[in-house]
Amino acid sequence: MSALALEELSALMAIYCQRDECAVLAVSETDGITLRIQTSVKGLLDSDILLKLSFHLPISYPSSLPNISINSEQLTRAQCKDVKERLLEQAKRHLSEPMVHELVLWIQQNIKHIIGQSETSVCNEKCTLSRCISTEDGIWTILLHLDHMRAKTKYVKTVEKWTSDLRLTGRLMFMGKIILILLQGDRISIKEYLILQKTSKVDVDSSGKKCKEKMISVLCETKVQSEHKRFQAFEVKEYSTLDEIQKEFEAAGLIDLFSEFVPALLK
């Protein structure tokens with residue numbers, strides 16, 4: 001085990017000295033050092049993300065790269081994988097020098113960009129509408145379907161806050177068991193909304209414990225065409241019949257979108 005690694009460990013324990021910030025999991029003359037650093041970073045819309053970064057420093061470190069693992073309840077498994085890959089890329093730039101603190105600082109500064117990049121293919125999920133095109137500019141419309149909403153009051157307030165912060169307009173529509181979210185706004189704002197929707201603990205499970213939204217479907221994402229009308233605000237509405245929802249889509253010039261996706265939800 002190199003003297004550099006031991007010196008770095010001592011420095012890390014001094015830097016991350018608050019409760020639960022730094023934990024030394026193992027120190028071995030044959031296997032090296034394993035430690036975990038816990039840090040809070042700011043995600044999209046400055047949401048708090050608690051990251052647990054585990055580093056295994058082999059006996060040849062820092063001449064060889066550390067093994068890194070990432071864990072966070074606020075990130076998806078794919079996002080944790082992206083963070084790990086980006087950290088390993090960054091680690092190569094610091095080969096032969098102590099790097100753990102530099103890597104922690106780097107992820108604190110770049111987490112928003114990494115999260116944003118991991119959610120760039122929304123249109124491929126269930127977007128079968130023929131007009132769904134790849135042009136990024138302009139205003140876009142997205143139609144989402146939720147399977148259920150247990151903590152309805154809190155859930156609705158959260159959606160209202162997100163749409164307000166991201167300057168999105170549209171409708172949160174309830175009709176019986178059908179729950180639809182129809183949004184319009186800049187493409188990047190819609191992507192950020194989807195990230196929040198999928199990574200935040202916005203609902204509760206059957207036992208009442210906070211949980212992420214796992215039962216959401218992206219029915220379509222498409223650019224707003226000239227015949228479409230812009231929603232002027234975001235509103236939460238209850239409907240008694242499918243005809244009432246149809247009229248809402250008709251008023252926005254989105255009857256084709258309604259016809260292709262909404263009636264099928266009743267089957």
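Is cysteine 80 buried or exposed?

Guide: The model shown here is a predicted one. In it, cysteine 80 has a relative accessible area of 10%, and because the cut-off for a buried residue is under 20%, cysteine 80 counts as buried. Cysteine 220 is likewise classed as buried, its relative accessibility being 0%. As for disulfides, the count comes to zero, a disulfide being defined as a pair of cysteine sulfur atoms within 2.5 Å.

Glutamate 221 may be considered next. This residue belongs to strand β10, which covers residues 216–223. Its relative accessible area is 0%, so glutamate 221 is buried. The side chain of glutamate 221 has a polar contact, at 2.5 Å, with the side chain of arginine 187.

Strand pairing can be followed elsewhere in the chain. Strand β2, residues 32–42, runs antiparallel to strand β3, residues 48–57, and ten bridges join the pair. Within this pairing, leucine 35 has phenylalanine 55 of β3 as its bridge partner. Strand β3 also pairs with strand β4, residues 67–71, again in the antiparallel sense, over five bridges. Here serine 54 has serine 69 of β4 as its bridge partner.

Definitions and conventions: Residues are numbered from 1 along each chain as its sequence is written. This is a predicted model: local features need pLDDT of at least 70, side-chain atom pairs count only at pLDDT 80 or more; totals for chains, interfaces and linings use all residues. Side-chain values use heavy atoms; hydrogens and water are left out. Helices (H or I, at least four residues) and strands (E, at least two) are DSSP runs, numbered from the N terminus. Buried means under 20% relative accessible area, exposed over 50%, partly exposed in between (1.4 Å probe, protein chains only). A polar contact is a pair of N or O atoms within 3.5 Å; within protein, one must be able to donate a hydrogen and the other to accept it, and residues adjacent in sequence count only if both atoms are side-chain atoms. Two strands pair if DSSP finds at least two bridges between them.
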